[in-house]
Amino acid sequence: MKPQRLFDILTYRKQTTPQRAVWAVRKGNEWVKIYVDQYIDYVDYVSGFLLYKGLKPGGKVALISGNRPEWNYVDMGVQQVGGIVVPIYPTISESDYRYVLSNSEVSYLVVETELLLGKLKDIIIQQPTLQMVCVINPIKFDSPVVSELQASGREVVQFSDWIRLGQQEVDRDAISQRMQAIAPDDVATIIYTSGSMGVPKGVMLTHTNILTCVYGVSSIPPSHYERAMSFLPLCHVYERMMNYFYQYMGYETYYAENVGKVVENMNTAKPHIMTAVPRFVEKMYDGIYRKGERLKGLRKKIFYWSLSLGTKYRLEGNTLWYRMRRNWADILVYRQIRESFGGCLEMLVTGGSAIQPRLARFFTCVGMAIYEGYGLSETSPVISVSSSGIWGREWGTAGPPLSGIEVRIDDETGEILCRGSNVMKGYYKSPDLTSQVIDSDGWFHTGDTGAFTEHGCLRITGRTKT
C-alpha cells in the first residue's frame, strides 16, 4: 500500500528496499551509510522524547539545519506524533527569524550549531511559547550563551542526549496511537516564504499535498536508478519534496559536504540523479570549459568542437550526420566529462528559474539530461515538470503539468492557475491572504504568466502586473 502520510514512507521503505542504505554522509575519506532500521529507531526516539516532554498534536517544532540525517530524524519524528515542522533558512534576517518564530508559536527549536544558537539567543529569549532548544552538534553547557538561555527558563539539550532519553522513554504503543489519529489532510509542515514582498507567509502543507508531487514525479526516472545526491537546502520545499521522493523510490541519498565540494563528492558517490538550480549548472559548464583551456593543439580544437556540437543538440530530429559526429565526440570528449561527475549521472532536475537552452542542449547531449520543473511553495511545489515521454521535454519550457492536477491560463491576464491536491491548505493564521490567492472554485493564482506550447508544455513568460 502506498504511503498516505509522509512518515508512512519509513514502513514502505523497509518493506520495499531494506537492503539499500537510506542516507550516506561523508566522514573523513569515506561515505558512512545509514539503513532503514536505524532510521526508524532514531525517528521513534525523537517521537518518544517529544511525547515524554508533552508535545501536543499540532505543536510546532522549528528546524534550522543543513542537509544531514538528523534533519530527517527530527522531521519524521515530529510528524508521526502529530507535530508540525517549521523549517527555517539558516541565513534569513534577524527580523524574519523573529517574525517566523513568533508567528508560528513554536514550542521547540532545533538548531545545527552552537554558533547559530548564539546568533538567535536574544530572539529565543523573547519568544514566550519557546520552551526548549536542541543543538545537533556538540555544545559546551558552561558557555555564556547556554547559561543565559537556561537562566531565562529555556531548557537547552544536546541532540545525542535527546536521542538517549528518547530511547529510554520511547513508548511505541503511544506513538502508534498518535500516528493512527493523523489524517492525510492534516498539516505536516508550515513553510515560510521569503517575505520579499512583505512579511513572510506561512504556507500550510498537508501530507497529501506533498505526496501528490512525490507520486506525480515517480514515473519519470528509469527503474535502474539507485543513487541520488542532495545539496540544495532541505528547508526549501523543492529539495524537501525530492528528499521524500528519493526515500519513496528506494534510492540511497548522498548528502554533499557543502556546495563547494559537490563535484568532488559526485566522483565517489556516483549519483544517477540530482537536483540543481540553473546557476549551479552554469558553474558546471564553466568548469568544463576551463579544462579545455589547459589543452593544446589538436586536442584543444577537438574539445571545443565537441562543446559547440553539444549546444546544437535536438531532442527530436537530429540528422544522421549530426548523430555520427555526436558519437565521435562521445568517444573523444563526452565520456571524460561524464566521468568527471562520477560517471553515472543521467538526470539533472533544475528549478527556481529558467535554464539557458544551450546548457540544457549541451548536458543532454553529453548524457546528463536536463529536466526542468516549475512550481511554488504553495503547490508543494510541482505544477509542471519535464517527462521522458514524447514531447515531455521542450527547451525553454517547464514540461507538461503534473499528472492528476489541473493547470490553465487565465484568458484575460495570462496568469497560470493551478487546482488539485497539491495546492496548500492555506496561509497560517491568514485567511484573508489565502482567499486572495485561492478563489472560490479552488484555483490557486500563481502570480506568474505563461502559455502552453502546441505539444502541451508550459512556458513561463513573466509576472502579472498586480
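Reply: Happy to! One term comes up later: buried means under 20% relative accessible area, exposed over 50%, and partly exposed in between, with a 1.4 Å probe and protein chains only. This is a predicted model, where local features need pLDDT of at least 70, side-chain atom pairs count only at pLDDT 80 or more, and totals for chains, interfaces and linings use all residues. Residues are numbered from 1 along each chain as its sequence is written, and side-chain values use heavy atoms, leaving out hydrogens and water.

Now to the sheet. Four strands form an open sheet in the order S16-S17-S19-S20, with antiparallel pairing. (Strands are DSSP runs of E with at least two residues, numbered from the N terminus; two strands pair if DSSP finds at least two bridges between them.) At the edges are strand S16 (406-409) and strand S20 (458-463), each pairing on one side only.

Let us look at one pairing. Strand S19 (residues 444-452) and S20 run antiparallel to each other over five bridges. Here Asp448 stands opposite Arg463 in S20. Their side chains also meet in a salt bridge, at 2.9 Å from N to O; the term means a side-chain nitrogen of Lys or Arg within 4 Å of a carboxyl oxygen of Asp or Glu. Because Arg463 lies in strand S20 and Asp448 in strand S19, the pair ties together parts that are 15 residues apart in sequence. Asp448 counts as buried, at 11% relative accessibility. By the salt-bridge rule, the count comes to 23.
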